[in-house]
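Dear colleague,

Please find the structure below for your records. My findings follow it.

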Amino acid sequence: MKKFSWLLVLMMSLSFALAACGSGGEGEGESSSGEGDSSGEGWVENVTVLTGGEAGVYFPIGVAMADIIDSQLEDVSATGVSSGASVSNTEQLNNGEAQLALVQNDIAYYGVEGTNMFEEPLENYSGVLTLYPETIQLVTIADSGIESVSDLEGKRVAIGDVGSGTEANAKQILEAHGLSESDLDAQYLDFADASTNLQDGNVDAAFVTAGTPTGAIQELSASADVKLISFDQDAIDSLTEEYSYYTQQDIPEDAYENFDSTATTVAVQAMVIASNDIPEDQMYEMTKALFENLDDLSNAHVRGEEVTLDTAQDGMPIDLHPGAKKYYDEQ
């Protein structure tokens with residue numbers, strides 16, 4: 001009888017111990033999971049957003065995106081920084097020097113494919129969203145005598161900063177018009193420097209790839225008479241046929257405040273890419289935060305008004321980051 005009682009007590013004790021262990025394990029698991037979701041366990045705490053030159057559109061839009069992420073995600077600090085724009089942004093992001101970057105969709109595609117300016121495929125970034133059309137503008141002083149792209153032969157022309165999307169676009173546009181970089185005095189200048197040099201008479205024309213109105217051109221028009229140059233229709237047809245990311249774009253006369261100058265040109269698409277090192281749940285929350293605070297982008301620049309959930313995948317040339325894809329799939 002005593003032996004039976006002793007066994008009964010032992011079995012009951014073991015039963016309570018196992019139940020306690022099971023209950024404790026489940027509670028700990030739930031607590032750990034919930035803690036990871038709320039505190040961002042394993043998240044990238046310091047997020048750098050590469051933008052572009054301060055006189056372009058990437059800079060205010062990118063800084064606004066960083067501010068949204070910084071304010072909406074707990075324990076995550078985000079900063080938008082000025083940079084050399086598309087090509088260098090793509091390389092820096094791929095090398096782990098930043099987490100988000102604004103780039104042209106054509107450059108993002110070239111990077112993944114390892115073509116044109118990229119010697120090998122870049123494999124450490126994915127797409128997040130497309131933003132707005134980026135118009136390739138050819139601007140000159142009104143009395144320069146330049147009326148077409150063909151007139152650039154022998155002239156001093158700013159073709160964009162080294163490693164920028166503008167540089168890549170300028171070379172393709174020149175080629176479509178039967179010219180090459182060697183046919184002119186090419187100057188590798190960002191938007192701000194190109195504007196200053198146009199005003200000072202140090203260059204005759206400048207290519208600018210950016211959403212309109214572009215700050216550098218707007219500022220230039222306040223102190224000089226400027227005009228935009230149309231591309232030849234045959235060249236436009238050739239560009240849109242050879243490169244699927246180009247679309248024909250008409251710049252209306254009210255695009256800028258200080259001057260009226262219509263032009264027919266081409267455009268690519270601005271987009272955001274993200275490092276594949278960002279965890280899926282963090283990218284999901286970042287994407288969600290951006291779309292729930294679109295007014296902040298609109299306030300940063302008029303082009304921010306064109307960013308919508310409905311158009312976020314228009315012209316997306318590469319695979320989406322899993323976190324961004326999860327967000328879109330839920331909408």
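Does glutamate 167 count as buried or exposed? Glutamate 167 counts as buried because its relative accessibility is 11%; buried means under 20% relative accessible area and exposed over 50%, with a 1.4 Å probe and protein chains only.

This is a predicted model, in which local features need pLDDT of at least 70 and side-chain atom pairs count only at pLDDT 80 or more, while totals for chains, interfaces and linings use all residues. Residues are numbered from 1 along each chain as its sequence is written, and side-chain values use heavy atoms, with hydrogens and water left out.

Glutamate 167 belongs to helix α5 (residues 165-176); helices (H or I, at least four residues) and strands (E, at least two) are DSSP runs, numbered from the N terminus. Not counting residues up to four places away in sequence, glutamate 167 touches Ile159, Gly160, Asp161, Val162 and Tyr188 (contact: heavy atoms within 4.5 Å).

Strand β7 (residues 205-210) is largely enclosed by the rest of the structure, because 6 of its 6 residues are buried. Ala205, Phe207 and Thr209 point one way from β7, and Ala206, Val208 and Ala210 the other way. Strand β4 (residues 125-141) runs antiparallel to β7, joined by 6 bridges, and strand β5 (residues 156-158) runs parallel to β7, with 2 bridges; two strands pair if DSSP finds at least two bridges between them. Opposite threonine 209 in β7 stands isoleucine 136, and opposite alanine 205 stands valine 157.

Yours sincerely
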